[in-house]
Amino acid sequence: MSKKKILIVEDEESLLKLESILLTSKGFEVRGVANGRAAITGLQDDMPDLVLLDIMLPEMDGFEVCRHIKQNPLTRHIPVIMLTAKKTREDMERGREVGADCYITKPFKSAMVIETIQRYLAK
């Protein structure tokens, strides 16, 4: 069985490294990008099984990236988990509006993120 591919979209280098180490240690194939435009390009280059997406990103924010993923017939099936410091009710509602499958706020518990990823990949 091949490893599940996860695209991490995170502009904070230390968090990108942390998330990458966490996911690779659990057997996932991980690719990380630091901005929204690179995320869109990454989808075209190598289709992931799931996207772990920050909201506050340079060039294109996570809401716009998620909207792009969910409006494209070739990528709309990919689960998008928003992993962000934005915690307001309005932010969470906007995440749902653009099609995010799940919304997790930082700081996060590693076990919960892994459990959530596994749940969406099992669907």
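**Reading the features of a predicted model**

Analyst: Let us begin with a pair of helices. The axes of helix 2 (residues 36-45) and helix 3 approach within 9 Å, and they cross at roughly 20°. Please bear in mind throughout that this is a predicted model.

User: How are helix 2 and helix 3 oriented, roughly parallel or roughly antiparallel?

Analyst: Angles under 35 degrees count as roughly parallel. The axes here cross at roughly 20°, and therefore helix 2 is roughly parallel to helix 3. The crossing in which helix 2 passes helix 3 is right-handed.

User: Which residues of helix 2 and helix 3 meet?

Analyst: From helix 2 come Gly36, Ala39, Ile40 and Leu43, and from helix 3 come Val65, His68 and Ile69. Sorted by class, this contact of helix 2 with helix 3 consists of 5 nonpolar and 2 polar residues, with no charged residues.

User: Where is Lys70 placed, and is Lys70 buried or exposed?

Analyst: Burial is judged by relative accessible area, and a value under 20% counts as buried. Lys70 belongs to helix 3. Its relative accessible area is 17%, so Lys70 is buried.

User: What does the side chain of Lys70 reach, and which residues does Lys70 touch?

Analyst: The side chain of Lys70 reaches the backbone oxygen of Ile78 at 2.8 Å. Setting aside residues up to four places away in sequence, Lys70 touches Arg76, Ile78, Pro79, Val80, Val98, Gly99 and Asp101.

User: Is the peptide bond that joins Lys106 and Pro107 cis or trans?

Analyst: Most peptide bonds are trans. The bond joining Lys106 and Pro107 is cis, with omega about -5°. Pro107 lies in the loop between strand 5 (102-105) and helix 5 (110-121), and Lys106 is found in the loop between strand 5 and helix 5 as well.

User: What surrounds Lys106, and with which side chain does the side chain of Lys106 make a polar contact?

Analyst: Lys106 counts as buried because its relative accessibility is 12%. Its side chain makes a polar contact, at 2.7 Å, with the side chain of Glu10. Not counting residues up to four places away in sequence, Lys106 touches Glu10, Leu15, Asp54, Leu83, Thr84, Ala85 and Lys87.

User: Which residues are in contact with Leu15?

Analyst: Leaving aside neighbours within four places in sequence, Leu15 is in contact with Glu10, Lys106 and Phe108. Leu15 lies in helix 1 (residues 13-25) and is buried, with a relative accessible area of 15%.

Key
Residues are numbered from 1 along each chain as its sequence is written. This is a predicted model: local features need pLDDT of at least 70, side-chain atom pairs count only at pLDDT 80 or more; totals for chains, interfaces and linings use all residues. Side-chain values use heavy atoms; hydrogens and water are left out. Helices (H or I, at least four residues) and strands (E, at least two) are DSSP runs, numbered from the N terminus. Buried means under 20% relative accessible area, exposed over 50%, partly exposed in between (1.4 Å probe, protein chains only). A polar contact is a pair of N or O atoms within 3.5 Å; within protein, one must be able to donate a hydrogen and the other to accept it, and residues adjacent in sequence count only if both atoms are side-chain atoms. Contact means heavy atoms within 4.5 Å. Axes are lines fitted to C-alpha atoms, for helices over the stretch in contact, and angles run from 0 to 180 degrees between N-to-C directions. Angles under 35 degrees count as roughly parallel, over 145 as roughly antiparallel, 65 to 115 as roughly perpendicular and the rest as oblique. A crossing is left-handed if the near helix is turned anticlockwise from the far one by less than a right angle, and right-handed if clockwise. Ala, Val, Leu, Ile, Met, Phe, Trp, Tyr, Cys and Pro count as nonpolar, Asp, Glu, Lys and Arg as charged, and the others, Gly among them, as polar.
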